[in-house]
Amino acid sequence: MNEKRQILIVFFTTLVIYIIVVLLNNILSTYSIHLSLDSLYLLFPGLYMLFWPGYLIVAVIALIVDALIPLPFGTLFILYSLGYFLIRQFNTRFRKENKSHVMFIAFIINSFFMLAIALVMSRGSFFDENYWLRFLTDLSLSGLVLILIAPLILELQRLFLQLSGISMTGEAIND
Amino acid sequence: MVLASFFRTSAGCLNTGPFNPKQTFLLAKKLPFIGKPLVVLLFALLLWWLVPTVVKSFLRISFFEFQAPAWTAISYLTSFQDFWSLRSRSKIELIKAGQDLARLNAAYELRNQQYEALEAEISRLEKLLQLPSLPEYRFEVARVLRRDLNSWWQQILIRKGENYGLIEGAAVVYSGGVVGRIKEVRQFTSVVELASSPKFRIAAQFDGDNRPVTYYGSVNRIFTIPHGYIKDVQPDVSADASTPRRIVTTRLGRIFPDGLTIGHVRNLGPSSDGLFQVGQVELNKELLSLNEVTVLIPIIVENALDNE
């Protein structure tokens, strides 16, 4: 029961984060700025949840995000899966409590996603300097925002779970 | 060795001592879930690769429709918020706005009369010269739910779909001119590809010159107004910063009616083959912050769909 509640709460908080990111991009679109903060959706499931429940959340979120973008359906599912497994694979190498570690993981995974999408979408624009200039600008801005907010978002999700009466003790990682 | 190294990594062994096969085997036996991430990843990728396209398409539509109510609800909430922020305006401000609107209405009423007279003249000439009639459109106004404007794609989601008879490929416009065209239609929402999108391409012409040119969208830099490009411009056409030329739509493309503004050209230069000219088209800045758009649904197509 506790686990089901945990899955639901983490799923809905991640969904709220996704909606907030979209709304933020709605506002920033006036200045031709776009923030890609995809790694935010993987951090909590990857760092604080058991393997399967975390993967379930990541897979569903990936398909939700994927459904609205003009990439071949499943691209983000594959990318998010890769990102999630990277976090799981190396989760013993870093400390979740250390903010700089969290920032580093978020930044690296996000940059990997953005680069992969940029390469997939670069057909016809691969040699266009504007394309890569815009990509680098978006990458830098997204990275900066991510570094600033990733630990805060993680903390908020943890706090929300605690307020919902779900203890994280004993449920974390190393599975 | 790779597998052993993988097991060691998976188990979180931080020691960098020499490889011990017996220890690794025992560790793998003790912890049967070791190595799971990579196995599951490979399995997930294989599974996704094997899933038939029909299933993927069904999944995509399902997930699209699943989140559509959320975006619609947010849009209604925003409208509600706007309504309450407008309610806080003073009565004097509202009276002034009402007066401005009344003046505008009067001006539009006059223009409407002129428009009707011109329409009658056009239909008379069409009959006289036995010309095919111009395409007619039904206008469907829709609110913008979300904007995805990045270097990879430029699209917006609008709050009307099949429920209002929207069709794929239909032209989308606003008060400033062309917005784009409908790329996907779902039950209650539709995706519009913007004119600034790198994949957008239509036939266009200079205002007052009916020779066609090709307009296409481009990647936009941050903090700049959106832009696109035109190509296949005849060598005798000129434009410069002091006298920018307006680029408008043409019905040759069979999407847009004639004369809708796409943007303005401030300079033209020779193309790589030297036969034609190319130029950058400045689009309207409002394209980046649209809240409401109008979809033009061709009446002939709509009637054909109704008959089916």
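The model I am reading is predicted.

**Entry: where A:Arg93 sits**

I found A:Arg93 in the loop between H4 and H5 of chain A.

**Entry: confidence**

I noted ipTM 0.86 and pTM 0.83 for the model. Chain A has a mean pLDDT of 88, with 94% of its residues at 70 or more. Its residues 170-175 fall below 50, and this stretch makes 9 contacts in the model beyond near neighbours in sequence. For chain B I read a mean pLDDT of 85, with 87% of residues reaching 70 or more. In chain B the stretch below 50 is residues 1-17, with 21 contacts in the model beyond near neighbours in sequence.

**Entry: chain A overall**

I counted 6 helices and 0 strands in chain A. Along the sequence the pattern reads α-α-α-α-α-α. The radius of gyration is 16 Å and the globule rule gives 16 Å for 175 residues, so chain A is as compact as a globular protein of that length. Along the principal axes, its C-alpha atoms fill a box of roughly 50 × 30 × 25 Å. I have 39% of the 175 residues down as buried. Of the contacts in chain A with a separation of 6 or more, 74% join residues 24 or more positions apart.

**Entry: helix H4 of chain A**

I checked the length of this helix, residues 75-89. Which residues of H4(A) are buried? I listed A:Leu76, A:Phe77, A:Leu79, A:Tyr80, A:Ser81, A:Gly83, A:Tyr84, A:Phe85, A:Ile87 and A:Arg88.

Nonpolar side chains tend to be buried together in soluble globular proteins. I went looking for such groups here. The largest nonpolar core has 48 residues, and the members that touch the most others are A:Leu40, A:Leu42, A:Leu43, A:Val58, A:Ala62, A:Tyr80 and A:Ala106. Which elements give two or more residues to this core? In chain A I found helix H1 (2-28), helix H2 (40-48), helix H3 (51-67), H4, helix H5 (99-121) and helix H6 (129-163), together with H4 of chain B. H5(A) supplies the largest share, 9 residues.

I followed A:Val58 further. Leaving aside neighbours within four places in sequence, A:Val58 is in contact with A:Tyr41, A:Leu42, A:Pro45, A:Tyr80 and A:Tyr84. I also noted a second, separate core of 45 residues, which includes B:Ala170, B:Ile182, B:Phe256 and B:Ile297.

**Entry: chain B overall**

I counted 6 helices and 12 strands in chain B. Of its 308 residues, 28% are buried. Residues 24 or more positions apart make up 58% of the chain B contacts with a separation of 6 or more.

**Entry: positive phi in chain B**

I looked up B:Phe223, a residue other than glycine with a positive phi, near 60°. B:Phe223 is in the loop between strand S7 (209-217) and strand S8 (227-233) of chain B. Is B:Phe223 buried or exposed? It has 9 C-beta neighbours inside 10 Å, so I marked B:Phe223 as exposed.

B:Asp232 also has a positive phi near 60° and is not glycine. I placed B:Asp232 in strand S8 of chain B. With 16 other C-beta atoms within 10 Å, B:Asp232 is partly exposed.

Note on methods:
Residues are numbered from 1 along each chain as its sequence is written. Chains are lettered from A and ligands numbered from 1 in the order in which they are written. This is a predicted model: local features need pLDDT of at least 70, side-chain atom pairs count only at pLDDT 80 or more; totals for chains, interfaces and linings use all residues. A residue is buried if 20 or more other C-beta atoms lie within 10 Å of its own, exposed if 12 or fewer, and partly exposed in between; C-beta atoms are placed from the backbone. Helices (H or I, at least four residues) and strands (E, at least two) are DSSP runs, numbered from the N terminus. Two residues are in contact if their C-beta atoms, placed from the backbone, lie within 7 Å. pLDDT is the predictor's confidence in each residue, from 0 to 100. The radius of gyration is taken over C-alpha atoms; the globule rule is 2.2 Å times the number of residues to the power 0.38. A nonpolar core is a set of buried Ala, Val, Leu, Ile, Met, Phe, Trp, Tyr and Cys residues joined through C-beta atoms within 7 Å.
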